[in-house]
Amino acid sequence: MSQLRHLPSVDQLLQLDSITELLESYRREVVVQQVRDAVETLRQQLLDAPVNSADREDLLQSAERLIVDGLSRRDPGLSSIVQAAGVILHTGLGRAPLAPAAAQAIAQAAEGYCALEFNLETGERGSRLDSVDGDLRSRTGAEATLVVNNNTAAVLLLLSALAQNREVVISRGELVEIGGAFRMPDIIAASGARICEVGTTNRTHLRDYEAAINADTALILVVHPSNYRVEGFTAAPNPEALVALGHEAGIPVAYDLGGGALFDLERWELPHEPVVAHSLHTGFDVVTFSGDKILGGPQCGIAAGRKDVIGAMRQHPMMRALRCDKLTLAGLRATLQIYALPDDQLRAALPVLRMMTEPVAQIRARAERLLALVPDDARQRLGVQVEASECQVGGGAITTEVLPSFVVALAPVQLDVGEVARRLRLDPVTPVVGRVAKDRVLLDLRTVSDADVESIADALTRVVQSRS
């Protein structure tokens, strides 16, 4: 097409005064790549939606803006956002926000050296897991513990250490698919173990496990349905009976808890979730769970249980490939220490718990405050109003349960709903992530702090101004 002939070349753009100034602040190869990206972006725009009036000067100015903006603003990447999507433990948005004490501990560990694998008393090399093992054993009642980079890694290490080239007995209804399209059968296969399915999708009995045990059985694995629910005509063996069956046969029984609560959520009037200490007290030889879900810490996977089982996992060669760095361990240790606080202080110090337990009246007040801060013109053009709604816990932890909440709903007038949501996400000052439902943008206030309310109001104003 004729307009492509007007596209400026890379050399032409590099000779512009504004681009020459950028070469004084950035490495040449970085600027050159940004120039090439700008030219390619304009080329694609012309191919997708030809503009009749575009000439060489227009394209030159457009390219210049793309280059300057690209280098000065850059991709927001992992910068902070306002999370108003209606899911507390949102996997795509980083799951659990850390407690201030945990964030501070991570910053301190990052700024300099720390005794990661060094015993300050003896002056000799130590284990990096020693920094969290004591707190984990105290909070769970386990004989021993270990930490790896996520819960899937903990399950993989468990299977590799205990069941490689042997059978793992698991209920057919627990061969689940977890986040990112990873499936439990694939994880078991990757460990070198073989699956022995028992029961059916909805009903598995103790006799099914008993019939499956043979000389090649290395492990009985139970998977908690943390991100799905089977209702109606269902059956599962009593945990105590299943543990007794495994122990009678000399076979360890493991429990993949997924979320992994360190306290009884029901005392906060939240849905039931298995407590790690209770599961170990029941007799499970090892349990695995996540550090960045209900626990409220950094992403990691934790295994807790019998000393010999954890010892086999620690000594497995895969342990080194799956281990955590000093930042994760520092954040986890600080989070675990919060659990020593009384209930009222614990709730205040742990963001995940505070968000799950905050009274809905406070959330409504926050939403109404946001509504009042939006200027009249922006409120009318965006169709802003406050509505009752529901918020998910999410993140593979009591995922099917919802909590009452309030949203600020946007029903824009003469504005595209998807574009409004996009402009909020790309706001140059405060990116705001909501959700689109029934031709409206919904901003859930359960996961929004009081300090972020004014920032959201300003972002909504900028949406209207940029459209104008």
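1. **Basis of the model.** Because the model is predicted, local features are given where pLDDT is at least 70 and side-chain atom pairs where it is 80 or more, while totals for chains, interfaces and linings use all residues. Residues are numbered from 1 along each chain as its sequence is written, and side-chain values use heavy atoms, with hydrogens and water left out.

2. **Overall make-up.** The secondary structure of the chain comes to 20 helices and 15 strands; these are DSSP runs numbered from the N terminus, with helices being H or I of at least four residues and strands E of at least two. The C-alpha trace spans about 80 × 50 × 50 Å along its principal axes. Of the 468 residues, 47% count as buried. Buried means under 20% relative accessible area, exposed over 50%, and partly exposed in between, with a 1.4 Å probe and protein chains only. Among contacts (heavy atoms within 4.5 Å) with a separation of 6 or more, 74% come from residues 24 or more positions apart.

3. **Helix α14.** This helix covers residues 326-338. The span of α14, with 13 residues, is 19 Å from the first C-alpha to the last, close to the 18 Å expected at 1.5 Å a residue; the expected value is 1.5 Å times one less than the number of residues. Its buried residues are Thr328, Leu329, Ala330, Gly331, Leu332, Ala334, Thr335, Leu336 and Ile338. The cover over them includes α5, α6, β4 (144-148), β10 (301-305) and α15 (343-349).

4. **Packing of α5 on α14.** The axes of α5 (residues 100-111) and α14 come within 8 Å and cross at roughly 150 degrees. Axes are lines fitted to C-alpha atoms, for helices over the stretch in contact, and angles run from 0 to 180 degrees between N-to-C directions. The crossing angle therefore makes α5 roughly antiparallel to α14, where angles under 35 degrees count as roughly parallel, over 145 as roughly antiparallel, 65 to 115 as roughly perpendicular and the rest as oblique. The crossing is right-handed: a crossing is right-handed if the near helix is turned clockwise from the far one by less than a right angle, and left-handed if anticlockwise. On the α5 side the contact involves Ala101, Ala102, Ala105, Ile106, Ala109 and Ala110, and on the α14 side Lys326, Leu327, Ala330, Gly331, Ala334, Thr335 and Ile338.

5. **Packing of α6 on α14.** Helix α6 (residues 130-140) packs against α14 at an angle of about 30 degrees, with the axes 9 Å apart. Here the crossing is left-handed. Ser131, Val132, Asp135, Leu136 and Arg139 of α6 meet Leu329, Leu332, Arg333, Leu336 and Gln337 of α14.

6. **Helix α7.** Residues 151-163 form α7, whose 13 residues reach 18 Å from first C-alpha to last, close to the 18 Å expected. Eleven of the 13 are buried, leaving the helix mostly covered; among them are Asn151, Leu156, Leu159 and Ala163. At the start of α7, a side-chain oxygen of Asn150 comes within 3.2 Å of the backbone nitrogen of Thr152. The helix is followed by Asn165, whose phi is positive, near 65 degrees.

7. **Met319.** This residue lies in helix α13 (residues 318-322) and is buried, with a relative accessible area of 9%. Beyond its neighbours within four places in sequence, Met319 is in contact with Leu129, Leu146, Val147, Val148, Leu157, Met313 and Arg314. Met319 and Leu146 are 173 residues apart along the chain, with their C-alpha atoms separated by 9.5 Å.

8. **Two positive phi angles in loops.** Most residues other than glycine have a negative phi. Glu269, not a glycine, has a positive phi of about 60 degrees; it is in the loop between β8 (253-258) and α11 (276-282) and is exposed at 76% relative accessible area. Asp439, also not a glycine, has a positive phi of about 60 degrees. Asp439 is in the loop between β14 (435-437) and β15 (440-444) and counts as exposed at 64% relative accessibility.

9. **Asp444.** Located in strand β15, Asp444 counts as buried at 0% relative accessibility. Leaving aside neighbours within four places in sequence, its contacts include Gln83, Gly86, Cys391, Phe406 and Arg435. The side chain of Asp444 also reaches the backbone nitrogen of Arg446 at 2.9 Å.

Note on methods:
A polar contact is a pair of N or O atoms within 3.5 Å; within protein, one must be able to donate a hydrogen and the other to accept it, and residues adjacent in sequence count only if both atoms are side-chain atoms.
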